[in-house]
Amino acid sequence: MNLFDVYPLNNIAITSAKGSYVWDADGVQYLDMYGGHAVISIGHTHPHWVKRIENQLEKIAFYSNSVIIPIQKELASKLGDLSGKEDFQLFLCNSGAEANENALKLASFYNGRKKIIAFSKSFHGRTSLAVAATDNPSIVAPVNETGNVIFLPFNDEAALRDCFAQQGKEISSVIIEGIQGVGGINPASIPFLQLIRDLCTEYGSVYIADSVQCGYGRTGQFFAHDYAGVAADIYTMAKGMGNGFPVAGILIAPHIQPKHGMLGTTFGGNQLACAAALAVLEVMEQENLLHQAKDNGNYLIGKLKEIPQLQNVRGRGLMIGFDVPEELKGLKKKLLMDFKIFTGEAKPNVIRLLPSLALTRRQIDDFLEALQEAIDELLTS
Ligand SMILES: Cc1ncc(COP(=O)(O)O)c(C=O)c1O
């Protein structure tokens, strides 16, 4: 049987990993500035994470959500502490798309409305509603098309005000990434997020903070949306939550009270996933990773801004993007092939950096040195 290639492949087989390094089948070491697509939060194969999963595996890996699962409560309590959302409820599921799907659905159950506001260049996942709220027609199948999603220009306060003035009573939810990831590292402006909060409150709509990529400490705050100083009604989380173990969830504000049947899952919140997720939070706390992400992110952003060939350096903490000019269009590939460094991209010309929050200063300096050399070589070749 042939394997379906999910994405165009780099011809590299990664077979082991530690911290911010991965190794291929021939033992070649790579620096991971991509974090396996923003997934590696505390570092690959962190010893505490490995131990916690191993210990859990020896006890029980899975039992259904029809019984009390004490480790879920432990996770909810720790997540409440670290995120500052102690009074929210946690629903656990398995992926970012599933988290957004449930958030959009729950919002509609809550206010009985159908319309969703999403924004240009958004990405919310590939399940039915999540993909309908994603601004990329090429991944929306005919069966997913719905007249219920209104796309507005990102960070455009006037357009948002207008839309609410005309159809506010029909708007079920507004879904927005604190920093757009797939769209190319575009931060939502603070006044824009504050306006979403105000309008959702005024019209009884639900503010959904898609924190799948920009959440979980990556930007130096637990949620990138926290920079706006306002609370969303639902936060969606995945990626960094399990450091590679598939686990996701939504945080639900106290005024939204789901009833039995509105949300459900077989695998969500299984014991093994909770052990992985708890290990992540414990390491984030013990190693002060939010602080480190902010500090190291500021340092890296500052240094990138000093490189004249890189345009429009942007981001927060360790969620960083910059535009690559035409004469350096081979930069990402060169970093990978010649300097053994993984980075991410966004079409047409953005390099995205989404490393582990435990990335060290030394690794940042190694990256910067390699980046400068790669640029110099491309300009002189
Ligand atoms: C902001 C955002 N939301 C949702 C998703 C979908 O997450 P998943 O691939 O886990 O379904 C992604 C994935 O890249 C994302 O970046």
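I began with the rule for pairing, under which two strands pair if DSSP finds at least two bridges between them. Helices (H or I, at least four residues) and strands (E, at least two) are DSSP runs, numbered from the N terminus. I noted that this is a predicted model, in which local features need pLDDT of at least 70 and side-chain atom pairs count only at pLDDT 80 or more, while totals for chains, interfaces and linings use all residues. Residues are numbered from 1 along each chain as its sequence is written.

**Entry: the open sheet.** I looked up strand 13 and strand 14, and found that four bridges join them and that they run antiparallel. Gln 311 stands opposite Asp 323 in strand 14. Both strands belong to an open sheet of four strands, with the order 13-14-17-16 and antiparallel pairing. Strand 13 (311-316) and strand 16 (344-346) stand at the edges with a single partner strand each, so one side of each has no neighbour in the sheet. Neighbouring strands of this sheet are turned by 25° against each other on average, direction ignored; here axes are lines fitted to C-alpha atoms, for helices over the stretch in contact, and angles run from 0 to 180 degrees between N-to-C directions.

**Entry: Phe 322.** I then turned to Phe 322, which lies in strand 14 (residues 319-323). Is Phe 322 buried or exposed? Phe 322 counts as buried because it has 23 C-beta neighbours inside 10 Å; the cut-off for buried is 20 or more other C-beta atoms within 10 Å, for exposed it is 12 or fewer, with partly exposed in between, and C-beta atoms are placed from the backbone. Leaving out residues up to four places away in sequence, Phe 322 touches Leu 304, Leu 310, Gln 311, Asn 312, Val 313 and Ile 351, where contact means that the C-beta atoms, placed from the backbone, lie within 7 Å.

**Entry: helix 9.** I followed helix 9 and helix 11 (residues 361-380), which pack at an angle of about 15° with their axes 11 Å apart. Helix 9 and helix 11 are therefore roughly parallel to each other, a term for angles under 35 degrees, whereas over 145 is roughly antiparallel, 65 to 115 roughly perpendicular and the rest oblique. Where they meet, Asn 296, Tyr 299, Leu 300 and Lys 303 in helix 9 face Arg 361, Ile 364 and Leu 368 in helix 11. I also checked Gly 302 in helix 9, and Gly 302 is exposed, with 10 other C-beta atoms within 10 Å. The C-alpha atoms of Gly 302 and Arg 314 are separated by 9.8 Å, although these residues are 12 apart along the chain.

Entry: Strand 7 (residues 171-177) is mostly covered, with seven of its seven residues buried. Three bridges join strand 5 (residues 115-119) to strand 7 in parallel, and five bridges join strand 7 to strand 10 (residues 206-210), also in parallel. I found that Ile 176 stands opposite Ala 209 in strand 10. The largest nonpolar core has 111 residues, and among the members that touch the most others are Val 174 and Ile 208; such a core is a set of buried Ala, Val, Leu, Ile, Met, Phe, Trp, Tyr and Cys residues joined through C-beta atoms within 7 Å. Helix 8 (residues 271-286) gives the most to this core, with 12 residues.

Note on methods
Two residues are in contact if their C-beta atoms, placed from the backbone, lie within 7 Å.
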